Amino acid sequence: MSDFDEILYLLNKQGWAVSDTAVPGAWHASLREQAQRLWDAGEFSGGEIGRGANDGRQPAVRGDAICWVEPDSALAQHPFFEWMARLRQALNDSYDMGLRRHEFHFARYDDGAGYKKHVDQHRGTNYRKISIVFYLNADWDTTKGGELCLYNPYDPDVELQRFAPLGGRLAVFVSGYMPHEVLPSRATRWSLTGWMRTDDLIRA
């Protein structure tokens, strides 16, 4: 069995997979340290909604602040991203998905912030195929909320599962298929969030 067999099986069966053991345990602590340094350096900015003229920053809908991981940066050499490249290849080998790259950003939610129900596709595009969330919260108190809530793709009013943002927990789901929500938390909540895409990186 490969490192990815369970993730591949569950994605194919139900459109999502969550694991507390897939990613090596020490990585979430080192990535959290990187995120904290970037936050302290003022590198985060408010997350935006969509790409249209009427979109942009809407804190009542999306309450996180984000910092992108630049593909050519030293941070992009962290072993987590090499592991993601191997997962991308496994998805291509198993399902011929045509995935060409991944992109990630750190996300920080303040006390009380969340992200209302949505799917991870911009209107008029379908480049994002697989969504990834890796949680960076050490010793998370589950009474503080902040769960990832997944909904039935065929009836988005029906909740399927919710998962606390425990440090080291990995959530993977089909981007354009799974409605999901980040429930408000009563503590600062950190994650590394990204997508596997079928397009090429366009540089300015």
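**A walk through the strands**

Let's begin with strand 4, which covers residues 101-109. Of its 9 residues, 8 are buried, so strand 4 is largely enclosed by the rest of the structure. Buried here means under 20% relative accessible area. Keep in mind as you look around that this is a predicted model.

Who pairs with strand 4? Strand 3, made of residues 64-68, runs antiparallel to strand 4 and is joined to it by 5 bridges. To find this pairing in the structure, look for Cys67, whose bridge partner in strand 4 is Phe106. Strand 4 also pairs with strand 11 (residues 189-197), again in the antiparallel sense, over 9 bridges. Here you can look for Glu103, whose bridge partner in strand 11 is Trp195.

What holds such neighbours together? Strands of a sheet pair through backbone hydrogen bonds, and they can do so either parallel or antiparallel. In a regular strand, the side chains alternate between the two faces of the sheet.

Four strands make it up, in the order 5-10-7-8, and their pairing is antiparallel. Which strands stand at the edges? They are strand 5 (115-118) and strand 8 (155-163); each has a single partner strand, so one side of each is left without a neighbour in the sheet. From one strand to the next, the twist averages 20 degrees.

Strand 5 pairs with strand 10, residues 180-182, in the antiparallel sense over 2 bridges.

Notes. Residues numbered from 1 in each chain as written. Predicted model: local features only at pLDDT ≥ 70, side-chain atom pairs only at ≥ 80, totals over all residues. Heavy atoms only, no water. Pairing = 2+ DSSP bridges. Axes fitted to C-alpha atoms, helices over the stretch in contact; angles between N-to-C directions. Buried < 20%, exposed > 50% of the residue type's maximum accessible area, 1.4 Å probe, protein only.
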